[in-house]
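Subject: Structure handover

Hello,

Here is the structure I promised you. Please open it and keep it beside you as you read.

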Amino acid sequence: MASSRVLYVHSDDYVRTCDSMARLPHRASMVHLLIKAYGLLKFMRVIAPRMASHDDLAAFHSDAYLSHFELVSREGEDADLPESQQYGLGYDCPVMEGVFEYAAAVAGATLTAAEGLRNGVCDVALNWAGGWHHAKKDEASGFCYVNDVVLGILKLREQFQRVLYIDFDLHHGDGVEDAFSFTPKVVTLSFHKFSPGFFPGTGDIAEVGLGRGRFYSINVPLSDGIADEKYVDICHSVLQAVNTTFLPEAVVCQFGADTLAGDPMCSFNLTPKGLGQCLQIVLGWQKPTLLLGGGGYHLANTARCWTYLTALVLDQVLASEIPEHQFFPEYGPDYVLEVTPGCRSDTNNPAHLDQVLAEIRAVVRAEIWNLAMVRAIARH
Ligand SMILES: O=C(CCc1ccccc1NC(=O)c1cccc(C(F)(F)F)c1)NO
Ligand SMILES: [Zn+2]
């Protein structure tokens, strides 16, 4: 296909701001510098992100949450203020000085990407430092302070009637599902680990959306050890069904890389090749597509994955040898782009996966019925 117009949201300031996130030291730099070292920047339109304004953030988040979050971030006040807890601040979402500026920068970058798609400036837009899918309207959660994914989808909805959100992160995209569970204009589809006690605990197959949004939230709960082949099979079945029934006009993908073999989450056994096959399915639809990052705690593998996916978008083939650059030593001992699957066994028994697929199909069929009814009613 003619190489699509690709927007890459980046600035050195933005990378420096993202690098400052203690739990992901230098991950943003590693991703950007590997993409750069492979010579991929020349195929993309690089645009500096804008900062999200208070009004931008208020499109989803409550004023109460935003003003408290801004206050504790400015003061660097320890989050032991009693109300900090009700806003999810502290523990999973520690309040470091400047964390508000970080969240506003990431949200601004995702909005910059979404605006490029909304304005028809590009076909695919990338913000690998975005994808913070757990944040709620008035609560930080799971290391996410501002839900840039929801803000990006709302921005696309200014132009596109129906938006499909696909969450490939290891964790259920609960914040995004919650934001759109009552509307049929956005389908949220999440593939994730679902197991007792595993964060966030939601995302069971039975969660299909509420009210008019019923059947427009789709969850594919999976167990530990799943590898590329089965994962791509399931993705392919569900993605095709959802695309043909919902007919999205734009797509948002969160490619959290904590599903990869070698991630400290130690759960799934995927490689960038498997995720790349899922991305190829989406790119084949040739619809305006926003690609975001998310989790991913093996920093070198995360950089490998998102660099590989960037090359896929650009129809570029990358050499296996990691090119020389500042973070080259992080890619030892093999110094290659490929991620080798682990030898952990796949606990997803085929019968269970068939059951999951059958139930998803029933939900999607119900959605067809629902869509037909909605369209019939709309016609009169
Ligand atoms: O990846 C996530 C969030 C994971 C999470 C949920 C709840 C509370 C904290 C977290 N974050 C981590 O567990 C985490 C964050 C950074 C680094 C690590 C590491 F220890 F795996 F490296 C783990 N969502 O897609
Ligand atoms: Zn995750």
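Start with Y91, which sits in the loop between α5 (82–86) and α6. Y91 has a positive phi of about 50°, although it is not a glycine. Most residues other than glycine have a negative phi. Y91 is exposed, with a relative accessible area of 67%. One caution before you go on: this is a predicted model.

**Another positive phi**

F143 also has a positive phi without being a glycine, here about 75°. Find F143 in the loop between β3 and α7. Is F143 buried or exposed? Its relative accessibility is 6%, so F143 counts as buried; the cut-off for that is under 20%.

S141 has its place in the loop between β3 and α7 (148–156). S141 is buried too, at 12% relative accessibility. Leaving out residues up to four places away in sequence, S141 touches C93, H134, A135, K136 and F199.

**Two cis peptide bonds**

Most peptide bonds are trans. F199 and P200 are joined by a cis bond, with omega about -5°. P200 belongs to the loop between β5 and β6. Now go to G332 and P333. The peptide bond from G332 to P333 is cis, and its omega is near 0°. P333 lies in the loop between α11 and α12.

I322 is in the loop between α11 (299–313) and α12 (350–379). I322 is buried, with a relative accessible area of 5%. What does I322 touch, not counting residues up to four places away in sequence? The contacts are L34, Y38, F328, Y331, Y335, V336 and L337. Look also at M30. I322 and M30 are 292 residues apart along the chain, yet 12 Å separates their C-alpha atoms.

**The sheet**

Next, trace the strands. Eight of them form an open sheet with parallel pairing, in the order β2-β1-β3-β8-β7-β4-β5-β6. Which strands stand at the edges? They are β2 (45–47) and β6; each has a single partner strand, so one side of each has no neighbour in the sheet. From one strand to the next, the twist averages 15°.

V9 stands opposite I47 in β2. Helix α9 (residues 228–246) packs on the sheet and touches β4 (163–167), β5 and β6. The direction of α9 makes about 170° with that of β5.

Now take β4. Five of its five residues are buried, so β4 is largely enclosed by the rest of the structure. Both faces are covered. V163, Y165 and D167 are on one side, and L164 and I166 on the other. β4 pairs with β5 in the parallel sense over five bridges. In β5, the bridge partner of Y165 is T188.

Strand β5 (residues 186–193) also pairs with β6, in the parallel sense over six bridges. There, S190 has N219 of β6 as its bridge partner.

Why is β6 described as largely enclosed by the rest of the structure? Six of the six residues of β6 (residues 217–222) are buried, so the strand is largely enclosed. S217, N219 and P221 point one way, while I218, V220 and L222 point the other way.

**Helix α1**

Helix α1 covers residues 12–19, and its buried residues are Y14, V15, C18 and D19. Seen down the axis of α1, they fall within an arc of 135°, so they line one face of the helix. D12, D13 and R16 are exposed on the other side. The buried residues of α1 pack against β1 (6–9), α2 (27–37), α6 (99–118) and β3 (124–127).

**The zinc ion**

Finish at the zinc ion (ligand 2). Which protein residues are its donors? They are D169 (OD), H171 (ND1) and D258 (OD), at 1.9 to 2.1 Å from the ion. In sequence, the donor residues are spaced D-x1-H-x86-D. D169 and H171 are both buried.

Six donor atoms surround the zinc ion (ligand 2), and the angles they subtend run from 29 to 156°, which makes the arrangement irregular. For comparison, ideal angles are 90 or 180 degrees for six octahedral donors.

Best wishes

Methods:
Residues numbered from 1 in each chain as written. Chains lettered and ligands numbered in written order. Predicted model: local features only at pLDDT ≥ 70, side-chain atom pairs only at ≥ 80, totals over all residues. Heavy atoms only, no water. Buried < 20%, exposed > 50% of the residue type's maximum accessible area, 1.4 Å probe, protein only. Helix = DSSP H or I, 4+ residues; strand = E, 2+ residues; numbered from the N terminus. Pairing = 2+ DSSP bridges. Arc of directions from axis to C-beta. Contact = heavy atoms within 4.5 Å. Axes fitted to C-alpha atoms, helices over the stretch in contact; angles between N-to-C directions. Donors = N, O, S within 2.8 Å, 3.2 Å for Na, K, Ca; no water. Tetrahedral: all angles 85-135°; square planar, octahedral: opposite > 155°, others 65-115°.
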